[in-house]
Amino acid sequence: MKPLIKILLVLLCLCLLPFPVIGANNAANITQDTGVTATGYSSAGFLTDGDIDTYRTSNGDVTITLENKDGIAGIYLLFDLEYGKYTIRNNSTNATVTAGEHAMLHEYVDLAVAFGAAPTSVTLEFSSGKVRLSEIYAFSQGVLPNWVQNWHKPLEDGADLVLFATHGDDDQLFFAGLLPYYAGQLGYRVQVVYLTDHRNLTNSRTHEMLNGLWNVGVTAYPVFGGFDDFRIDDLQETYDEYASRGTSKEELEAFVVEQLRRFKPLVAIGHDLKGEYGHGMHMVYADLLTTAAPKLSDTTYFPDSAEKYGIWTLPKLYLHLYKENAISIDYDKPLSKFDGMTAFAVSQKYGYPCHKSQQWTWFTHWINGYDNEITKASQIKTYNPCQFGLYYTTVGEDTEKTDFFENIITYAEQERLEEERLEQERLEQERLEQERLEQERLEQERLEQERLEQERLEQEKQIQEQKAKRTEQLIWAFTVLAVLILALIMVLRVLYHSKKRHKRK
């Protein structure tokens, strides 16, 4: 084979090889290459063992130092209990920032943004309270892996939809498809408010709840109600059990009212009044919503939350399986934001599996089928997650009955319309200002024309006056000349006659 042909073949093979993606900027997990030391704990090994179930608790005065010569762009902390504010110090510059403002269990801190560049050494300083940490990860700069939960703060500036889910897996079961569709696909402002955090039984389920929400597209940090988890299949007996545990019905109602006023939802979603499969806590949560909905605008109704967050008029409240004003949501349509998966499939495959502690229960067969034959929400016959009823409305009843947001304008759309209105006002103001300036210009032109005309008339008047004056002067000159001529004639005549008389003598 000729050398030239060999070279061409080699070049052709090289062209066929896959090229690396130029400009790819994925953040790397550099935890194992980062030195981690701690004070306040016997050792720091549990922080980087990759096991969220291993944690330590220390009473304040905890410091954790991370060092990486190539720089640490961000850190991801997994707390086992909410902590609150703590300080992060850049050990190279001694600059500090405050983190933990929203007391999130899973928190990502962008150090590169906080300090202007990725520091090589930082120290986390916890000065008070119980510091109960499970894991800490370090990352280089770039796009974070999907499993890193970079939560937004709760939606106190207004939520399009608030889902009042009782337990940690209810949002992925009886409301399966709702969160992937409205939060993930449509990008609506969706807030989840749980009645219980399960901590009277276990702490692990709060992590499952966060993982499940994040996997289905929710980015607003949820609210964990601190009420006990237990099961009694009766509404009043459940209220009585709460009372025996030190939680009155009024306290439960105050919690629901506060969340409704706090997030000002356009749509609120609650459980079946019969508790789906008869769970008393589901019944309680639905009952509290129906009680609170029509009273939120009354300042005397739980006045503390009215003063703190203001009153609210709730546009819509839907309850699962409510028969009146019934609607059906289609969660079996492919979603572009989830690579063609349906909303139901996202909850089924990505959301519910995060609840590892519940996989042994009958719920797993309910959502998947005994032989994984369930692939659509429409296949579920009992407690179907697509079926709801409009329990309360201040914006009219639904007619199409296929969407929670019929007759509703989302906050983002309201903001867009407000921006359009303000832009129209600005343009109108600009137009009026231009008209005013044009009128001023025309008025100035008119005044200038008047001035010039006045000036011209004045000049003409002056010319006429000058002409008249010259004419008058000429007349006077001719008059004087005529008088002089007459006087001269008279003098000459006198002289002539005088001379003539003289000759006669």
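Q: Is phenylalanine 405 buried or exposed, and what is its relative accessibility?
A: This is a predicted model. Buried means under 20% relative accessible area. Phenylalanine 405 has 6% relative accessibility, so the residue counts as buried.

Q: Which residue forms an aromatic pair with phenylalanine 405, and how is a pair of rings described?
A: A pair of aromatic rings is described by two quantities, the distance of the centres and the angle of the planes. The partner of phenylalanine 405 is tyrosine 188, with 4.8 Å centre to centre and 70° between the planes. Planes over 60 degrees apart count as edge-to-face, and this pair is edge-to-face.

Q: Where in the chain do tyrosine 188 and phenylalanine 405 lie?
A: Tyrosine 188 is in the loop between H4 and strand S11 (190–194), and phenylalanine 405 is in the loop between strand S16 (387–393) and helix H12 (411–504), so the pair ties together parts 217 residues apart in sequence. Tyrosine 188 is partly exposed, at 23% relative accessibility.

Q: How many aromatic pairs does the structure hold?
A: There are 38 aromatic pairs. In one of them, the ring centres of tyrosine 181 and tyrosine 331 are 6.4 Å apart and the planes stand at 65°, so this pair is edge-to-face. The pair links distant parts of the chain, 150 residues apart: tyrosine 181 is in helix H4 (residues 178–185), and tyrosine 331 is in the loop between strand S15 (326–328) and helix H10 (343–351). Tyrosine 181 is buried at 15% relative accessible area, and tyrosine 331 is buried at 0%.

Q: Which residues do ring pairs link into a cluster?
A: The cluster consists of Phe175, Tyr181, Tyr182, Tyr188, Tyr318, Tyr331, Phe388, Phe404 and Phe405.

Q: What does proline 385 touch, not counting residues up to four places away in sequence?
A: Contact means heavy atoms within 4.5 Å. Proline 385 touches Leu173, Phe174, Phe175, Ala176, His320, Tyr331, Trp366, Ala377 and Ile380. Proline 385 lies in the loop between helix H11 (362–368) and S16, and is buried with a relative accessible area of 0%.

Q: Which residue lies over the face of tyrosine 239?
A: Lysine 249 does, at 4.8 Å from the ring centre.

Q: How many disulfides does the structure hold?
A: The structure has zero disulfides. As for individual cysteines, cysteine 354 is buried, with a relative accessible area of 13%, and cysteine 386 is buried at 6% relative accessibility.

Note on methods. Residues are numbered from 1 along each chain as its sequence is written. This is a predicted model: local features need pLDDT of at least 70, side-chain atom pairs count only at pLDDT 80 or more; totals for chains, interfaces and linings use all residues. Side-chain values use heavy atoms; hydrogens and water are left out. Rings of Phe, Tyr and Trp (its six-membered ring) pair if their centres lie within 6.5 Å; planes under 30 degrees apart count as stacked, over 60 as edge-to-face and the rest as tilted. Helices (H or I, at least four residues) and strands (E, at least two) are DSSP runs, numbered from the N terminus. Buried means under 20% relative accessible area, exposed over 50%, partly exposed in between (1.4 Å probe, protein chains only). A charge sits over a ring if NZ of Lys or CZ of Arg is within 6 Å of the ring centre and within 35 degrees of the ring normal. A disulfide is a pair of cysteine sulfur atoms within 2.5 Å.
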